Each structure stands twice: as C-alpha cells, then as structure tokens.
Amino acid sequence: MNITKDKAKMRAQRVLFVFLCCAAVCCAQTESITAGPGDLLHVKVLEAPELEQTARITDEGTVPLILGGSVKVAGLTPSQAELAIQKALVDGHYLLTPHVSVAIQETATQNVSIMGQVRSPGSYPINTPRPVLDVLALAGGLTDLADRKVTIERRGSKERIDFVVANSAKTALDASVDVFPGDTIVVPKADVVYILGDVSRPGGIAMVTNDSRLSVLQAVSLAGGTPPNAVPSHARLIRKQPDGGHVEIPLQLSAMQKGKHPDMELQPDDIVYVPFSYMRNMAVGAGSLVGATSSAAIYRF
C-alpha cells in the first residue's frame, strides 16, 4: 500500500513539476538568453532533492555538479542546460529518468556594449532583457550618419541578429527585439552619395532610408533641387570602380526631371555633378570632384 502511495505521490510531483516548468517558460522565462562564464545557476532535480545546488559557471563554460561531474552549459539556454544535465546524470548511471530545472539566478556580465554610430558609445549596465530601442536610448540614440540596420551579437552563443531601426515608429516598435546582459550592439555608418555643383545644398547625403536606397531624383531633391541657371542636361555621374578608379557616366538629369527618362538608383560613394554652365562643366574633371567629397558637408534627411 505504501509503495502504491509513493508511486502516486511521485507521479503527482512529476505532473506538478512539468506544469511549473511550462508556466515558468510561458510567464517568466525568456529562452533567448543564454548562460555564460561567471553566471550563477540554480539547479534542481525532482527525483533527488539532495542534488539541488547553486553553482557558478567556470571560465571554461562548465558547471560543477554534485553528481555528474562538470557539464558544458555556456552558450545554452536554461532549457538546453536542463537537457545537458539530465544527459550527464543518465550517462553517469546516477538516475534513470531525471527531471532537471535550471534557472539563471545571477548574470555575471550585466553590461551591454554599444559601438559605432551612437551619440555616446560605451558599456551600459542592464540587469534584465530590454528592447533594443531602450538600449540604444541609453547611448543617446543614433547619430545623423547611422545606418538603420544594426547588429546585435548574443553573449555566449555569438549569434548575430540584424534589426532595422525603421523610420516608421510603428514598424520599429512592432519589430523590436530584446537585448540581454552581455550582448554587443554595433551601429554601422550609413553609406553616402554626393550631389555637387549647381544645386541649392551641395554635399553628401547619408543613405538612411529603411532599405538604404536612394535614386538620382531623390538625392537631387534632398539637395534642394536645381536652380534656373543650372544645366541638368549635362549632369554627370562619377562612379567608383572595384579597382579604386572612377568612371564618368553622362546623366540625363533634365530628361529624368521631365519624366522622359527613367530614374536611376545610386550606389554608395556615387557623385552626381550638376554644372553651373557649359563652360564650367567642361572645366571640372572627375579627379577634382572626387577630391571635393573629402570636405563636403554630409546631411541626413
């Protein structure tokens, strides 16, 4: 009779254990976070309460168990660590069907590193997962030359996740991802095209659209357009080649503006030159235009 009661009690405990684990995953546990060296783990074994322990992950990425030796858990989520410990207990012939629960009780690395085109790059403390937009705000937000596509590298697993800080607030908020303690965020510099010559605001234009694309007409419009004395029919495109040289391409800007010629997509570092007059157009060479980009003001629109 006692054996039957013990079996029933054990079955009820297992059901409760599974229920609590599911509830923890659904309500609190964030399975994207991974364990890393220095983290403090709380390990429970349902069938053997005496094996419950709190242990810190070593520099080698292992956690020393009371039974089962040291198990590699760095880079694993809590549920993956549970499976690894269960396997160690079974392989060591300590338990036949163990049910293990693992929780990250304390993270050793509680800083997130933010590098690149943010106003205050550096390392910032966070204790819990936070939305990427919140974390970027810690660094003062993006600079005017920041690319919209940022990369998040997960601590431990080194998984890389790309996130687009969309110009649309709704899109950016709806698509937000979490950043975890120890993660690294890199914000690259946006590509630039240059509109020089007879335009209202000559200079460089950062390609900070959601898709990092910009056409000739869009770029000229962002540069303030062409005044009446300009000669857009003799505009030129100077494009950098793979070997480092440059090629000049006649640009039918006047026809584009009149809708008689299709618009053209620009590439990073392209230079669009709109001449002031026919004579000055002939006098300005590609070399001088390429040199002018080094001192050109760069705008973000």
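How many helices and strands are there in the protein? In this predicted model, where local features need pLDDT of at least 70, side-chain atom pairs count only at pLDDT 80 or more, and totals for chains, interfaces and linings use all residues, there are eight helices and 18 strands (DSSP runs of H or I with at least four residues, and of E with at least two, numbered from the N terminus). Residues are numbered from 1 along each chain as its sequence is written, and side-chain values use heavy atoms, with hydrogens and water left out. Of the 301 residues, 38% count as buried (buried means under 20% relative accessible area, exposed over 50%, and partly exposed in between, with a 1.4 Å probe and protein chains only).

Pro78, Ala81, Glu82, Ile85, Gln86, Ala88 and Leu89 are the buried residues of helix 2. Seen down the axis, they fall within an arc of 160 degrees, so they line one face of the helix (the arc is that of the directions from the helix axis to the C-beta atoms). An α-helix has 3.6 residues a turn, so residues three or four places apart point the same way. The cover over the buried residues of helix 2 includes strand 1 (40-45), strand 4 (70-72) and strand 5. Exposed Leu83 and Lys87 sit on the face turned away from the buried side.

Just after helix 2, His93 takes a positive phi of about 60 degrees. Tyr94 lies in the loop between helix 2 (78-91) and strand 5 (100-106).

Technical notes: Contact = heavy atoms within 4.5 Å.
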